[in-house]
Amino acid sequence: MTNHEVEVSTKRHVAYFLRCLDLLPYIYTSNDLNRITLAYFCIVGLDLLNALQDVPLEKKEPWKDWIYRCQVEGGGFRGSPQVEGLGRRYDPGHLPSTYFALAALISLRDDLTRVDREGTLDLVRRLQRKDGSFAPFVMEMVDGRGDELGGEVDMRFTYCASAVQYILRGNDCKVEDVKVDRAVDYVKSSINYDGGIGQGPGCESHAGLTYCGVAALSLLGRVDALPNLRQTIRFLTSLQNPVNAPPPTEDTDAAPDDEDEDEYDPGGGFCGRYNKMTDTCYSFWVSGSLSLLPSTSNPPPLDLIDKGANRQYLLQHTQHKIGGFGKNAGDPPDVLHSCLGLASLAVQGEEGLQRLDAALCVAEGAREFLITLRTGHPSVKRL
């Protein structure tokens, strides 16, 4: 099958996402506390497929109501209604869940009037650490005598904080802003010699975390703060694995050889770190990052990758016959890789898909709707 013969299986993907929004397979049981994240992937996937507009209001309105049920008193969202009512210590506003909830709501074209805007922005401000990074939640201390920041240090939280700020912050907001310069310095301190960004200072460069750092800077209006743009571009483009020929047909009469049992990697897509297998989600983490970098060179950063090879990896090897995309070639689909596979294709301008706002990781139509909410008219420019 040639690259030109493979196409996006739109109808199957739409059916897959709708099915998952109604009833998730049992394999997701361990993710019950992250259901708002799973919903986000399905909703954004449908939006990229231009299918949300065809979902009847009597179906979409309950989706919105369910998301708002996850809003926490005082600001922010929880990851699932399952922890509702457990008190501030065990049911705090959660930063990633807040981002996923807001991104899903604007994808559903909700006007956000039910969001506790000032409370949520105040939560984000309180989540910022002295080094500029962000914690995922504020937890009430055991003795009830104050709050403490909970969770690990992770570049993903810096991205989520920047995205929440971007979605909710307006010119008339009375809440004190986060310390932007400290956040920018934290991202810069996490850049390694190879131009990639790690989980924090001194951590290994990683495509997903590089995306989080680059996208955070973009949403904060500070992407020009990257100290060595050329190195970052080189790091990202070097993560595209070469196309590999399929393995020879197995001789069923031959004795099994453990050395031949390695999983086949067709290549063409991207890995997250050097010498790792090609993986669907990294097609977006890399292409999305490149699309956000300043186009100071000719060709622009996104044109430095082999888009055709990436497209063929996604559509021929990880696109599944029942709909959705798997993590690796031949894997069953899951909602994360299904959404991000489409996101990478949308970044590359795949026919039939909405273009993607790579910084917010929502369809362009959702960002246009957000801008219209703020200004009363659409605009292609960032706020």
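Helices (H or I, at least four residues) and strands (E, at least two) are taken here as DSSP runs, numbered from the N terminus. The model is a predicted one, so local features are kept at pLDDT of at least 70 and side-chain atom pairs at pLDDT 80 or more, while totals for chains, interfaces and linings use all residues. Residues are numbered from 1 along each chain as its sequence is written, and side-chain values use heavy atoms, with hydrogens and water left out.

On that count, the protein chain has 13 helices and 6 strands. The chain runs to 383 residues, and 53% of them count as buried; buried means under 20% relative accessible area, exposed means over 50%, and partly exposed is in between (1.4 Å probe, protein chains only).

Next comes the empty space. Rolling a probe the size of a water molecule over the atoms shows where such space is left. The search works on a 1 Å grid over the protein atoms alone, where a cavity is a set of points at which a 1.4 Å probe fits but cannot get out, and a pocket is an open set with protein on both sides within 12 Å along at least five of seven lines; lining residues have an atom within 4 Å of a point. Grid points are joined across faces, edges and corners, and a volume is the space filled by probe spheres set on the points. The largest pocket holds about 1,000 Å³. Its lining takes in 43 residues, and Thr37, Phe41, Phe100, Arg156 and Leu336 are the ones that lie nearest the pocket centre. Two or more lining residues come from each of helix 1 (10-22), helix 2 (35-48), helix 4 (95-107), helix 6 (155-168), helix 8 (207-219), helix 10 (280-292), strand 4 (333-334) and helix 12 (335-347). Sorted by class, the lining of the largest pocket has 29 nonpolar, 9 polar and 5 charged residues. For that sorting, Ala, Val, Leu, Ile, Met, Phe, Trp, Tyr, Cys and Pro count as nonpolar, Asp, Glu, Lys and Arg as charged, and the others, Gly among them, as polar.

Helix 6 deserves a word of its own. Its 14 residues reach 20 Å from first C-alpha to last, close to the 20 Å expected at 1.5 Å a residue; the expected span is 1.5 Å times one less than the number of residues. Helix 6 is mostly covered, with 13 of its 14 residues buried. Cys212, in helix 8, is buried at 7% relative accessibility. Residues up to four places away in sequence aside, Cys212 touches Met155, Arg156 and Tyr159. From Cys212 to Met155 is 57 residues in sequence but 6.3 Å in space, C-alpha to C-alpha. Met155 also turns up beside Ser190, whose contacts beyond four places in sequence are Met155, Gly196, Ile197, Gly198, Gly200 and Pro201. Ser190 sits in the loop between helix 7 (180-189) and helix 8 and is buried, at 0% relative accessibility.

Two loop residues other than glycine have a positive phi. Asn50, with phi near 60°, is in the loop between helix 2 and helix 3 (57-69). Arg109, with phi also near 60°, is in the loop between helix 4 and helix 5 (117-127). Asn50 is partly exposed, at a relative accessible area of 30%, and Arg109 is partly exposed, also at 30%.

Some residues with more open surfaces round out the picture. Lys11, in helix 1, is exposed at 75% relative accessibility; Lys11 and Ala51 are 40 residues apart in sequence and 9.3 Å apart in space, C-alpha to C-alpha. Ser295, in the loop between helix 10 and helix 11 (307-318), is exposed at 56%, and its contacts beyond four places in sequence are Pro300 and Pro301. Arg69, in helix 3, is partly exposed at 45%. Beyond four places in sequence, Arg69 is in contact with Arg78, Pro81 and Glu84.

Terms used. Contact = heavy atoms within 4.5 Å.
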